[in-house]
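The tour moves from one selection to the next.

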Amino acid sequence: MPRTPTPILLAFVALAACNDQSQSTANQPEIRVRSEEQKQLHQLDAFNLAIGLKRAIYDAGYTCKRITDAGYVGLWKNLEEWKAHCVYENGSSRDWAIFAGPDGSAQVRDCKDVLATNLPACVIKQRPKGSFTVIK
C-alpha cells in the first residue's frame, strides 16, 4: 500500500474544514439586539417624540429650536434611524438623522452628511400620531 505524505493529508483535512465552516456560518440567522429605549421611541406620539429627538440633538452638542416633522427612517445594522426637521428662529431649517442604539445611546448626524457616508437616506417611512407642536 503506498504511503500518503502527512503534510498533503493534513492540507486536505484543513481545506475540508474551511469549506464546512463557511457553509454553516452562511445559514446562521442574524441576531438583533433591541433595547427598551428603541421600543419606546416607536410608541411615542409626535409631541413626545419631538422632545426625545430634540434632547438627543442637544446632548450631541447641536441645537434645534423647534421640530416640525419627525419619524422613523429605518434600521442600519443594530441602530434605528430617526429623522427630525428642525426650524430655527431666523427661519432656516436643518434635517437631523438620529441613530438610536441598543445600549440607549444616540448618534446625531446632519442629513446632508448621511448621504456622503453611505448611511440610509433621511426619508421618513413612519410618522407618529399627533402634532409636533401642540399637546393633545
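Select Leu53, Ile57, Ile67, Trp82, Cys86, Trp96 and Ile98: of the 20 residues in the largest nonpolar core, these touch the most other members. Such a core is a set of buried Ala, Val, Leu, Ile, Met, Phe, Trp, Tyr and Cys residues joined through side-chain atoms within 4.5 Å. Buried means under 20% relative accessible area, exposed over 50%, and partly exposed in between (1.4 Å probe, protein chains only). The elements giving two or more residues to this core are α3, β1, β2 and β3. α3 gives the most, with 6 residues. Helices (H or I, at least four residues) and strands (E, at least two) are DSSP runs, numbered from the N terminus.

A note on the source: this is a predicted model, where local features need pLDDT of at least 70, side-chain atom pairs count only at pLDDT 80 or more, and totals for chains, interfaces and linings use all residues. Residues are numbered from 1 along each chain as its sequence is written, and side-chain values use heavy atoms, with hydrogens and water left out.

What is it in contact with, leaving aside its neighbours within four places in sequence? Its partners include Leu41, Leu49, Leu53, Tyr72, Trp96 and Ile98. Contact means heavy atoms within 4.5 Å. Tryptophan 82, in β2, is also the bridge partner of tyrosine 72.

Next, select α3, residues 46–59. Its buried residues are Ala46, Leu49, Ala50, Leu53, Ala56 and Ile57. They cover an arc of only 130° around the axis, so they sit on the same side of α3. The arc is that of the directions from the helix axis to the C-beta atoms. Turn to the face away from this buried side: the exposed Arg55 and Asp59 are there. Just after α3, glycine 61 takes a positive phi of about 95°.

Colour the strands. 4 of them form an open sheet in the order β1-β2-β3-β4, with antiparallel pairing. β1 and β4 stand at the edges with a single partner strand each, so one side of each has no neighbour in the sheet. Two strands pair if DSSP finds at least two bridges between them. β1 and β2 pair over 9 bridges.

Finish with the helices against the sheet. α2 packs on the sheet, touching β1, β2 and β3, and its direction makes about 45° with that of β2. α3 lies across β1, β2, β3 and β4, at about 80° to β1. Axes are lines fitted to C-alpha atoms, for helices over the stretch in contact, and angles run from 0 to 180 degrees between N-to-C directions.

Notes
Expected span 1.5 Å × (residues − 1).
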